[in-house]
Amino acid sequence: MNDHMNLKTLPGDDIRQIMWRFSERYDLQMVVQSARGVARGPVARLVANGGRNSHEWTEGKNDLLKTFDESGITALFMEPEEGGYIAGPKNLALALTAFELSWVDAGSATCSLASNLALSPIHERGTPEQKQTYMSRCVPPQPGENRTPWRGAFVLTEPLPYVGVDTSVLSGRVRIAEWNASGEPVIQVEKRGRFITGMGFANFVTVAVESDDSRIKGSCMVILEETDQGTFDRGVPTKKMVHQLSSTNDPSFNMKIPASRIIGGYTVKDGVIIPNYSHSEIIEAVFRRTRVTVGLMTSAKLLSAVEPIIRYQRGRFRGGQSATPGTPRYDQGLQQKEDALHRLVDIWATGEASASLGFAAARHFDAFDPLEREKDTICEAQGLKGRAQLRAFMKVQDEALEYIRLTGNSKASSDPKTMGRIEELRANTLLHYSVMDALAQVICPATKLWNTGHGATTMREAVSLMGGYGITEDCPGFLGQKWMDAQLEATYEGPEAVQRRQLSITMTNELFLAQMRQWIAELREIDAQYPEIGASAVGKTMELWLWTLDHLQKSKDANGKALYHNQRHGVAFAMADALCWILASRFQIADTLELRDKGMQSAADPEGMRGFVSFFTNLCHVQAARAAGEVSRICTELFHAYSNEASASGTQIEAFTEHRNQLDLCLRGARLSKDRAAQALTQVMIPEALDYPV
Amino acid sequence: MSAFHIIVCGSLVPDPLQTLEPITSPTGPGLKNEAMLPAVLDPWAGHALYEAANLAKNNPGSKVWLVSLGPKAKLQQLMMTIAQKVPFELVAVDGSASGFTDPFEAANALSDAIAKIPGLDRSKLLVFGGCASASRDAGVTMQMIGEKLGICDQFLAVDELSTPGDGSLRILERIEGGRYQVSSCQGAPAVLAWATGKLPVPPNNPQVGMMNMRAIMPALQKAVPAKVGSEGVTFSSVEVPKQKRETRIVKDMPVDEIAREIVAWITA
Ligand SMILES: Cc1cc2nc3c(=O)[nH]c(=O)nc-3n(C[C@H](O)[C@H](O)[C@H](O)COP(=O)(O)OP(=O)(O)OC[C@H]3O[C@@H](n4cnc5c(N)ncnc54)[C@H](O)[C@@H]3O)c2cc1C
């Protein structure tokens, strides 16, 4: 391998800023530094001192809240007029913060985010007064101000046998307590929660409840304050084995509050209170953003594992009699062994792909947020709700497809006439919204599902590369704890089944599928220029997936039962899993190309930059091959394993086999890329020690 | 109270946690992969900056400038942390911050940049810096900056500065033999090169950061290139100081025990 193509050091901030597209955002760069200071300072010290070994909300953990306040992590969620310091959408900012905190301990990230989660229903759907009140109460005091910031908890999940994955039927109840003809109604709220984050110290909670009174319609979310009349019982701490730096309790509430605490407000019609938003409408708006952040917590773990593993591998035999300085055994240690290197390449490649997917999703929501508000305004002005809204979207569907086609074609989109048409179409908010929404509805669940689920599995690989050390508390980088923590990330805010369920519906949206077809064309162009990045494999994988989806949607199994059906998880969920691999690879390639294009312009060391590009290109290729393998396996099983000789047609088999054969050929060279990446891992310079206590 | 115009000269050095391996490159001696290693604020310059900010805070009407000579792209990364710590205005000079630059050239570039700062009032001017640098330990740069600017009151190993309020300065300085010297100075202009200072690293404050960065980004864009380096200098030999680096991570070890272990290691 040419020396100039070597990976010289581990990627630093300059590289990440380009890949994850915040090199122009100094506000975000500062946020990263601030969160990193907290993570690798107070958080790491707390973990190293055994802070995770208790279920109680200890003083040490409580001190973290103050640290979050002082470093700006708490105020990050707020608008400048509410006391925050970053204007506009904050999905990427929050994602980067969670990523930095989770690099050391994701429980601290959960802890810092829990209050935001409690505020999110208010932020997304609250009345202006509710927003103003609670957002500003939660802002940390400014210098000179004498005030303790409020903290919240989000209460949806209920004790068994009630709300868990299935959130449609609630056992929490709301009734009218008093309603004088002139005054505001007073409502009685009863709710028991389970596994509620931030409950050890929350001053207010946002609670999902259903009406138990004919004078209140449907369900809603309400705000309870700890000083409201009635019982505000925090309950006992959950004996969880993960994220111990966050507080989790099983609380119980029975309180009287004014109806003005219904999130988003209400109207009264014929003596009945009609909440403006049902609990499902609110949680849909909340989770579609916060889940991306959770996905990135697991990505941080994988990428944070690289340095400790390299250090362990290299130093494994030093100090022994047979390993004297200068011998390969001394200098390279376990890195003499191909398997140890190849597995580390897999971990790194997975970390890159999942970070690329997650940050792309966060950026997508930053672009999407203002558009969604615009859409809400338009729909409200035109009185478009429910079915009427759906019809309005159906009406723009054809033009939306035209828009996707035009924007995806790089040659056509430089032609002035086409550009004019694109602008004209984009100006239609409902159209632009529906295109962006189609992607949002796919990449958010994909990030949550794949980053955490496959991430947890890959984290186990990371632990095993450290041998017995990996499963001790002393393991540098806290890898054992991170492995276990990843399982929570796969569970809370909607476990994998919830994400698969959402994907199995949203991924069949024609507006999403059309965007995917554009990506195939795009990948072909990339492949023509950079054959070594694995774009052909990803493109072909997309083709196979699309062909299989189409086939499954039209076909029946050997028993004559429809193959693609929401309830047929064996088919739909498997296809959802397959899609995630494809998306992750696609965004990983995009980030590597961004580095290739922009990195050289600003590189302090051009040779070093070429080394990064070449290494990340190898990782893309490795990941593309892995994705191709997974998708191919799933599609093949779904295509063949539900059929028998009678139900499968020869032409279909031929077509499927042709797709697979083409895909197989695209794997050429991928293992050589893996060899090169592995070789790079033996050369890369790493720091003397980890920059946080262990 | 008296207002000061405080200039802090300070730049970046490689993060000490990194593997720092001296090499000979085509342009002279350097560190392996230096351009790619993460950098931190030179710790001595850090003392100077935090003392300057504190002095400015306690003397209303004062202002702090940070004059930094370093590679532009790396300075930008450095600013993301230090801009959040204390309020200052950046004056960036684009050039090498390597340990192998000639201190005379560095002092020239820095004093030129200082002389060009608009609105600087010499009667209020305090020029701060480190008494040494983590990568360039000649300990002469601040003296030369003072000379170039025609400032003769120079204090080159400052641990403490007090300002009685009449514009005068009282300076605690370390001198040879582990002793201290207390000097009184009638007032600005003066050069103070800091040895330690008394202030901890301030916590990050994003509000301060957002305010600073609005001026820092244009300052970085405007950074003028400066010719510093080792051109024309032939290094007949470069020797790595005999060093043995053993990084070990310990938990819960009392300070006394750490000290005992270090002494035992040195005397072994
Ligand atoms: C540490 C921690 C913190 C938490 N914080 C909060 C919080 O702050 N606020 C809050 O409201 N909740 C919180 N939760 C609750 C969390 O969101 C729920 O645990 C999660 O949604 C899953 O619900 P469940 O545990 O009842 O699992 P269940 O609903 O019992 O699901 C178990 C499994 O059954 C299968 N399954 C269930 N339903 C389906 C289906 N429809 N289709 C296919 N498969 C299905 C899946 O495999 C699923 O993983 C927290 C949980 C933990 C552990």
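B:Asp15 is buried, at 17% relative accessible area. Buried means under 20% relative accessible area, exposed means over 50%, and partly exposed lies in between (1.4 Å probe, protein chains only). The residue sits in the loop between β2 and β3 of chain B. Strands here are DSSP runs of E with at least two residues, helices are runs of H or I with at least four, and both are numbered from the N terminus. Beyond residues up to four places away in sequence, B:Asp15 touches B:Leu20, B:Pro38, B:Ala39 and B:Val40. Contact means heavy atoms within 4.5 Å. B:Glu34 is 19 residues from B:Asp15 in sequence, and their C-alpha atoms are 10 Å apart.

B:Gln18 lies in the loop between β2 (12–14) and β3 (22–25) of chain B. Its relative accessibility is 10%, so B:Gln18 counts as buried. B:Pro38 is 20 residues away along the chain, with 8.0 Å between the C-alpha atoms of B:Gln18 and B:Pro38.

## Basis of the model

The model is predicted: local features need pLDDT of at least 70, side-chain atom pairs count only at pLDDT 80 or more, and totals for chains, interfaces and linings use all residues. Residues are numbered from 1 along each chain as its sequence is written, chains are lettered from A and ligands numbered from 1 in the order in which they are written, and side-chain values use heavy atoms, with hydrogens and water left out.

## The ligand site

Which residues are closest to the ligand? They are A:Phe154, A:Thr157, A:Val165, A:Phe195 and A:Thr197, out of 20 residues that surround the ligand. A residue counts as near if one of its heavy atoms lies within 4 Å. By class, the shell has ten nonpolar, six polar and four charged residues. Ala, Val, Leu, Ile, Met, Phe, Trp, Tyr, Cys and Pro count as nonpolar; Asp, Glu, Lys and Arg count as charged; the others, Gly among them, count as polar.

A backbone N or O atom of A:Val165 lies 2.7 Å from a ligand oxygen. For A:Leu156, a backbone N or O atom is 2.9 Å from an oxygen atom of the ligand. A side chain also takes part: an N or O atom of the A:Arg501 side chain is 3.1 Å from a ligand nitrogen. The ligand on its own has 980 Å² of accessible area, and the protein covers 68% of it. Areas come from the Shrake-Rupley method with a 1.4 Å probe; for residues, only the protein chains shown count as cover. β1 (152–155), β4 (196–197) and α14 (496–506) of chain A each give two or more residues to the shell.

A:Phe195 is in the loop between β3 (186–192) and β4 of chain A. Its phi is near 60°, a positive value in a residue other than glycine. A:Phe195 is partly exposed, with 43% relative accessible area.

## Domains of chain A

Chain A is assigned domain 1 (13–149), domain 2 (153–277) and domain 3 (287–681). These bounds come from an automatic or database domain assignment. Domain 2 and domain 3 each supply at least three residues to the ligand shell.

How far apart are the centres of domain 1 and domain 2 of chain A? Taken over C-alpha atoms, the separation is 25 Å. Across this pair, 32 residues of domain 1 are in contact with 29 residues of domain 2.

A:Arg261 is buried, at 11% relative accessible area. The residue is in the loop between β9 (252–258) and β10 (266–269) of chain A. Leaving aside neighbours within four places in sequence, its contacts include A:Gln130, A:Tyr134, A:Glu225 and A:Asp228.

A:Glu100 is in helix α4 (residues 91–104) of chain A. A:Glu100 is buried too, with a relative accessible area of 5%. Not counting residues up to four places away, A:Glu100 touches A:Val32, A:Ala35, A:Arg36, A:Ala39 and A:Arg40.

## Backbone details

The peptide bond from A:Leu160 to A:Pro161 is cis, with omega near 10°. A:Pro161 lies in the loop between β1 and β2 (173–178) of chain A. In chain B, a cis peptide bond joins B:Ala188 and B:Pro189, with omega about 0°.

Methods: Polar contact = N/O pair within 3.5 Å; in protein donor to acceptor, adjacent residues only side chain to side chain.
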